[in-house]
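Subject: Structure for your files

Hello,

Here is the structure you were waiting for.

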Amino acid sequence: MSRINRVGVVCADEFVPENSKLNRKDGGRGTSGGVLEVFGAVLTLLSVVFILFTFPLTAWMCAKVIQEYERAVIFRLGRVVKGGAKGPGLFWFIPWLDVIQKVDLRTVSFNIRPQEVLTADGVPLRVDAVVFYRVVDPSIWVTCVKNGYQATHTLAQTTLRAALSAHTLMDVLIQRKSIAKRTEEVLYTATRLWGVQVERVELKDLTLPVSLQRCMASEAEAARKARAKMILAEGEVKASRALKEAASGFSPVAFQLRYLQSLSSVQSSASIVVFSLPTELLQTLMSHQPQINTS
């Protein structure tokens, strides 16, 4: 512990002079920066005077038209012009001092190429998605990120992989909308510092391994067969109960007629042999059946 303390003290002592040097350098830069600002203001004023004296000739060079869905970020002597982005419509600029960068404000969509993801329960999954976003602050979009499209694309890939790897396979299959919504919220929080608003994230396709697809298909087929057998059994139970209720309300004559009708409905073929017995004999056998069982 003492060694750690000594190292910390030495590092602090070493950094104090460096910090003071940096402060002195910043003060020098502030002085030189003030001189450069004055020089830039003078140069801008001379340029404006020159444009006014040669106005009929320089009018076409100093005018720029921006479309309704575009904004123009103007850099004058390397600094962004105060007042924010220009447009839409006609605006004026100094051609030999200003650099213009156009920014499209329309919604942009891009596809995230298929990503190999390992879910929380160890299942390999291949997923792709589509992201919709638009620029809301052109000045920040131009000054804070070098390649905004590539940065947004890369961030969307990593965010999607992290979001899917934190869920199991069943959660991914069932909660696709909620996962896409959470991914959209994470992207919005991260990209709003770049002047971007992520509007929507959608999961397009989920590809499972072939062996896992076969296992899931077999499981679903077994579940369907089990449900079909249960439905068939419930139907047979209901039918037997209905027959029992119907038979209990028959009179002896009606029961005999129903018995004869059932015999006539049996299809005659070589493999089926039907023996007709009197109902009195059947009743006698049924009445003696308990005695036979007890004996």
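Of the 295 residues in the protein, 23% are buried (under 20% relative accessible area; over 50% is exposed and anything in between partly exposed, with a 1.4 Å probe and protein chains only). This is a predicted model, in which local features need pLDDT of at least 70 and side-chain atom pairs count only at pLDDT 80 or more, while totals for chains, interfaces and linings use all residues. Residues are numbered from 1 along each chain as its sequence is written, and side-chain values use heavy atoms, with hydrogens and water left out.

The secondary structure comes to nine helices and eight strands (DSSP runs numbered from the N terminus: helices are H or I with at least four residues, strands are E with at least two). Among contacts (heavy atoms within 4.5 Å) with a separation of 6 or more, 65% are between residues 24 or more positions apart.

Sheet

Three strands form an open sheet in the order β3-β2-β5, with antiparallel pairing (two strands pair if DSSP finds at least two bridges between them). Its edge strands, each pairing on one side only, are β3 (79-80) and β5 (98-104). Strand β2 (residues 70-76) is joined to β3 by two bridges, and F75 stands opposite V80 in β3.

As background, nonpolar side chains in soluble globular proteins tend to be buried together.

Beyond its neighbours within four places in sequence, W141 is in contact with V103, Y133, V135, G148, Y149, T152, W194 and V196.

Helix α6

Buried in α6 are I179, A180, T183, E184, L187 and T191. They lie on the same side of α6, because they cover an arc of only 140° around the axis (taken from the directions from the helix axis to the C-beta atoms). The cover over the buried residues of α6 includes β7, α4, α5 and β8.

L187 belongs to this helix, residues 176-191, and counts as buried at 2% relative accessibility. Leaving out residues up to four places away in sequence, L187 touches V131, L155, A156, T159, V198 and V201. The C-alpha atoms of L187 and A156 are 6.8 Å apart, although 31 residues separate the two along the chain.

S47

S47 sits in helix α1 (residues 2-53) and is buried, at 4% relative accessibility. Its side chain makes a polar contact with the side chain of W96 at 3.0 Å (a pair of N or O atoms within 3.5 Å; within protein, one must be able to donate a hydrogen and the other to accept it, and residues adjacent in sequence count only if both atoms are side-chain atoms). The S47 side chain also reaches the backbone oxygen of L43, at 2.9 Å. Residues up to four places away in sequence aside, S47 touches I94, W96 and L97.

Regards
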